[in-house]
Amino acid sequence: MGLLVARGAATGMMAARRPGRQRGVRRLIALLGACLLAGCGRQEPPPPALRVGLAQPVLDVDPRRAADAASARIGRLLYSRLVELDAEYRPRPAAADWRQLDALHWRFTLRAPRPRFADGAPLTAADVAATYGAVLDAGAASPLRGELGSLAAVAAVDDGTVDFTLSAADALFPARLTQGIVPARCGSPAPAGGRPCHYDGSGPFELKSLAADRVVLLRRRDGLRVEFLLVPDPTTRVLKLLRGELDLLQNDLPPELVAYLSHRSAVSVLRAPGTGYHYLGFNLADPVTGDVRLRRAVAHGIDRAALIRYLLGGAARPAGSVLPPGHYAAAELPAYRHDPELARRLLAEAGMEHPSLTYKTSTDPLRLRIATAIQAQLAAVGIRVRVQSTEWGSFFDAIRGGRFQMYSLAWVGVTQPDVLRQVFHSASVPPAGANRGRFADPAVDALLDAAAGAEPARQTALYQAAQRRIHAQLPYVPLWYEDNVAAVRAGVRGYALRPDGAWDALDHTDPPDDRHPH
């Protein structure tokens, strides 16, 4: 599946306002320079560690529940997985090998040496069965249930062997088993005042503490302390990086700050194409946004090229499918061109004169700027938009609960084509899946149902047909795939960007020599 991340004026308006924006950038740079010279807010340096600045909080690292990007990315550092995916999104063994016993049965055998949990116990088949059993449990309402496709049951055969039983044939089943494994004992509540059970993973890092504003990991091979610190304001994050209070920032930085950092000798800026799919989502149960003509008017009223150029500094590519660029099952989809006159005609056909929409987003400054620009672009075609921003937790909770008309988010880490079922099938309305907009289209349902049991070549064709139908109905308006950008302090070695934005490279990243653990 994939994960959610939160992510604004007509082209002419942007060009007209650019001098003012440049003055704002100069003031920002002056502020940064003054703070650096004066040491404003300077604090005593924290203990030796590698410190990462976060724009959004980590909500829940338990891999049976984690559905936001920050939580899932940390989970990849904490928990071992049966299967990994290669560069082409094909499965390869991680903690286990596998073979297909018959059309509905798959057997996984744990590889030696087995990963060990933080308490020293080796990972067993019972741990695997308990983890996947918890996701299958209807009472648990795991947001990841839809990722497992037709999985019906899982059982440990012996200490190192686990069997998976399907309700329908699925040739791509191994690629679904990329979820982190927690100890079997985690099915029981933690003792009062005790350490939460799901802290105990068998990955390269151990979780030492988890709070709303600070997550601390310990790298198991050498004891390196890695701290994730919540700093929502991007200017503050940059100041902390330049003062040495942070060592690494990744994404969620406005282009002017990235440009500023590019000219600082104490910082290296890394760039790479990203696969995160940014979009506008709609509530299809709402009488206004439920009308496809309104959604098409929005799609034609937005000037994506101007947004990418002026707000993202060109560091993005226009998006089509939720599947990442280059994915074997991604369909070629026609772009919704910027056409204000067509947008006005669509509104007239719908009998909507100056419709009003509420657009929900987070408080991140760049996402607010994007929302404000979209607000101005849509005002130019007759759509009134009220931007409503809240802190990340409240915003994400409203989206999961369906309390919105329109919002912007991003899917990151998408790997399998049946994310389309998880997001767009009518049976995937929460808590059964991530169809938060209540999209229901019988033709899409039929295509996705048929794809679930098809052989690979036929399955790819069905998924591509489903994408074309979804693109025409517009439960999402595609925006762009943003590039990944990281800013790294001098002396930090080994960090590299991944297309999906994951932090896996922290297992091979070292802080400056004077702060390495001894």
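## Helices α4 and α5

Helix α4 passes helix α5 in a right-handed crossing, a label given when the near helix is turned clockwise from the far one by less than a right angle, with left-handed for anticlockwise. This is a predicted model, in which local features need pLDDT of at least 70 and side-chain atom pairs count only at pLDDT 80 or more, while totals for chains, interfaces and linings use all residues. Residues are numbered from 1 along each chain as its sequence is written, and side-chain values use heavy atoms, with hydrogens and water left out.

The axes of α4 (residues 234-242) and α5 come within 10 Å and cross at roughly 15°, which makes α4 roughly parallel to α5. Angles under 35 degrees count as roughly parallel, over 145 as roughly antiparallel, 65 to 115 as roughly perpendicular and the rest as oblique. Axes are lines fitted to C-alpha atoms, for helices over the stretch in contact, with angles from 0 to 180 degrees between N-to-C directions. From α4, Pro-234, Thr-235, Val-238, Leu-241 and Leu-242 meet Leu-257, Tyr-260 and Leu-261 of α5, where contact means heavy atoms within 4.5 Å. By class, the residues of this contact of α4 with α5 are 7 nonpolar, 1 polar and no charged.

## Helices α12 and α13

Now to another helix pair. The axes of α12 (residues 442-452) and α13 (residues 456-473) come within 9 Å and cross at roughly 160°, so α12 and α13 are roughly antiparallel to each other. Their crossing is left-handed.

On the α12 side, the contact is made by Ala-443, Val-444, Leu-447, Leu-448, Ala-450, Ala-451 and Ala-452, and on the α13 side by Gln-459, Leu-462, Tyr-463, Ala-465, Ala-466, Arg-469 and Ile-470. Sorted by class, the contact of α12 with α13 has 12 nonpolar, 1 polar and 1 charged residues.

Leaving aside neighbours within four places in sequence, Glu-84 is in contact with Arg-76, Arg-90, Pro-91, Arg-92 and Ala-94.

Notes
Helix = DSSP H or I, 4+ residues; strand = E, 2+ residues; numbered from the N terminus. Nonpolar A, V, L, I, M, F, W, Y, C, P; charged D, E, K, R; others polar.
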